[in-house]
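Hello,

Here is the structure I promised to pass on to you. Have a look at it first, and then read my notes below.

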Amino acid sequence: MESSATSLTVFQPLIVHGLLQTADYARALDRLYFPDDTEYELERRIQVRVQRQRIVTRSRKPTRMSIILHENVLRTVVGNNRVMSAQCRHIADMSTRDNIDIHVMPYQAGLPLGMAVPPFTIMDFGSDTRSKQLVEPAQVYCEGYAGSAYLEKRTDVVTFRQAFRRLQQASLDHHPSRDMIREIARRHESER
């Protein structure tokens, strides 16, 4: 479904979203999450993730992505500081693309919704160019350790859109976010 979306609206409070992960970051996560995988299986997973990323990096009609990363995502060491430094630099570089809008929600924002919010992605699919009708209604994907859920009811989509707007209001603007991401990358680099 992600590959069919024309835009993705993402909140990620814990780990870097798969569409922004470097291969080394993904490898470090997957080694822990899939401990019984062979090296071949692990590398196959990484290649699938890299291929997934083409939807936001392709030159023709790239998917638009608006993402809020909690500061925790950038400071939590996955793999090691070298991996994190490269990962943060990659995120900062991706934030310069016209179709990718990245905001960082700093620790000081607290809990803008009054409670913890799980990682979620709102997928919009655009409309038919001739009839102007939606190709498919928007959906929310909520990610979880023991399983994930797709929410299709209009009220659920509206609830998550409102949550995203409030989280975005509590987040830094584009340029301050990019500056913070680069500063955290330098800090990881210095702690190697």
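Glutamate 43 counts as partly exposed, because its relative accessibility is 27%, which lies between the 20% limit for buried and the 50% limit for exposed. Please keep in mind that this is a predicted model. You will find glutamate 43 in helix H2, which covers residues 39-52. Its side chain makes a polar contact of 2.7 Å with the side chain of arginine 27. Aspartate 30 is 13 residues from glutamate 43 in sequence, and their C-alpha atoms are 9.6 Å apart in space.

**The sheet**

Next, look for the open sheet: 6 strands with mixed pairing, in the order E3-E2-E1-E4-E5-E6. Strands E3 (100-105) and E6 (149-151) stand at the edges with a single partner strand each, so one side of each has no neighbour in the sheet. On average, neighbouring strands are turned by 15 degrees against each other, direction ignored. Strand E2 (residues 64-70) runs parallel to E3, and 6 bridges join the two. In one of the strand pairings, histidine 70 has methionine 105 in E3 as its bridge partner. Helix H6 (residues 154-169) packs on the sheet, where it touches E1, E2, E3, E4, E5 and E6, and its direction makes about 115 degrees with that of E4.

**Arginine 178**

Finally, find arginine 178 in helix H7 (residues 174-190). Is there a salt bridge for this buried residue, or none? Arginine 178 has none: the nearest side chain of opposite charge, aspartate 179, is 6.5 Å away. Leaving aside residues up to four places away in sequence, arginine 178 touches Ala92, Ser95 and Thr96.

Enjoy exploring!

Notes
Residues are numbered from 1 along each chain as its sequence is written. This is a predicted model: local features need pLDDT of at least 70, side-chain atom pairs count only at pLDDT 80 or more; totals for chains, interfaces and linings use all residues. Side-chain values use heavy atoms; hydrogens and water are left out. Helices (H or I, at least four residues) and strands (E, at least two) are DSSP runs, numbered from the N terminus. Buried means under 20% relative accessible area, exposed over 50%, partly exposed in between (1.4 Å probe, protein chains only). Lys and Arg count as positive and Asp and Glu as negative; His and the chain ends are not counted. A salt bridge is a side-chain nitrogen of Lys or Arg within 4 Å of a carboxyl oxygen of Asp or Glu. Contact means heavy atoms within 4.5 Å. Two strands pair if DSSP finds at least two bridges between them. Axes are lines fitted to C-alpha atoms, for helices over the stretch in contact, and angles run from 0 to 180 degrees between N-to-C directions. A polar contact is a pair of N or O atoms within 3.5 Å; within protein, one must be able to donate a hydrogen and the other to accept it, and residues adjacent in sequence count only if both atoms are side-chain atoms.
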